[in-house]
Amino acid sequence: MKSPIHLQEVKMRKLFWLLLAAVVIYSGYWMIGAKGTESAIAAWIDSRASEGWQAEVADIKTRGFPTRFDTEIREPQLADPRTGVALSTPRIEILSQSHRPTRFTLRMAPEVTLASPYQRLDITQDLAEAQLFVDPGPSLTLDHAALSLQNMRVASTATWGFTLESGEITTQRQADDPLTHDIALHVEGFAPTGGLIDGLDPKGLLSDRFEALDLDMQATFDGPWNIHALEGPRPQPTHIDLTTLSAHWGELDLKLAGAFDINARGYPVGKLAIKAENWREMIELAISVGAIPENMSNLTLRAGEMLAGLSGRKDTIDAELTLKDGMISLGFIPLGPAPRIVIR
């Protein structure tokens, strides 16, 4: 009969071998996952190069054993020949927990360059990080995400730029309509610089920065946001339901709400309710940047007074913006061309 001590030793040896087997199996899983991540990124880069992209990286390396897959892509240079958009940066980090591969963090280096056929943007920031939650599978379809920005500075070769103290953007795909996303934006300390502030406020009517900018909307696209959206063409918005857009800039306080479609040319078609405090400064601003012709300034100001009278307060306009035929008007006041809404 075996002694209790001997039986205990047998149990301990079995436990040791079980633990060793678990470590070996998990280590194999981690190595397969790490190499699979690197291979998938490298294959995507090679596929873009075969399609005529400029697609180069200096190195792809995954670390973080045993609990994480932290992949660093060093010196990526990507340029899409169809759109002419190019990106370069010292590194991009893709960080995830090994047991949750569909939830990961995308972190950019402090310096990023974006270029198009029209201009180059040199971007620096203390933080540019996105939390991404994707569906399982090779398409990596986006379910929801949160982007954080801190102390961003953007300078364009077209002589404009801006600084941003902080920004938060979230998006959540709707369960019953997978092409529609609930999108929210909160920005603090947005300050135009260079030619941008000169173009927006040539007469110095405003303060040097937005105190706050908030956006809450539902956007419907013509395709899903997944890995193929990076390969192009990008999904384009077809309908916007704007719950609120609120901007506070110096003495100006502006709120918009409403819904509009976006036609095949990228122009909005619909109506927006607008509430504008200190509207005279807004009209003077629109005149100074050429959005309202100088020869219509008196008519526009008189019309604004009439609209303000209808709202019951002389300093507040509570009216409706009409978006139609590529133009935008406030009540019966033409304000000029509507912006095109196109994702390059």
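Reader: Trp44 and Trp53, buried or exposed?
Author: Both are buried, meaning under 20% relative accessible area, with exposed over 50% and partly exposed in between (1.4 Å probe, protein chains only). Keep in mind that this is a predicted model, where local features need pLDDT of at least 70, side-chain atom pairs count only at pLDDT 80 or more, and totals for chains, interfaces and linings use all residues. Residues are numbered from 1 along each chain as its sequence is written, and side-chain values use heavy atoms, leaving out hydrogens and water.

Reader: Ok, and how many aromatic pairs are there?
Author: Three. Rings of Phe, Tyr and Trp (its six-membered ring) pair if their centres lie within 6.5 Å; planes under 30 degrees apart are stacked, over 60 edge-to-face, the rest tilted.

Reader: Why is the Trp44 and Trp53 pair edge-to-face?
Author: Their planes sit at 75 degrees, with ring centres 6.1 Å apart, so the pair counts as edge-to-face. Phe221 and Trp225 are edge-to-face too, with planes at 90 degrees and centres 5.7 Å apart. Phe221 is buried at 9% relative accessible area, while Trp225 is partly exposed at 25%.

Reader: New topic: which residues touch the most other members in the largest nonpolar core?
Author: Met217, Ile240, Leu242, Ile274, Leu321 and Leu330, out of 24 residues. Such a core is a set of buried Ala, Val, Leu, Ile, Met, Phe, Trp, Tyr and Cys residues joined through side-chain atoms within 4.5 Å.

Reader: What is Met217 in contact with?
Author: Setting aside neighbours within four places in sequence, its contacts (heavy atoms within 4.5 Å) include His181, Asp182 and Ile240.
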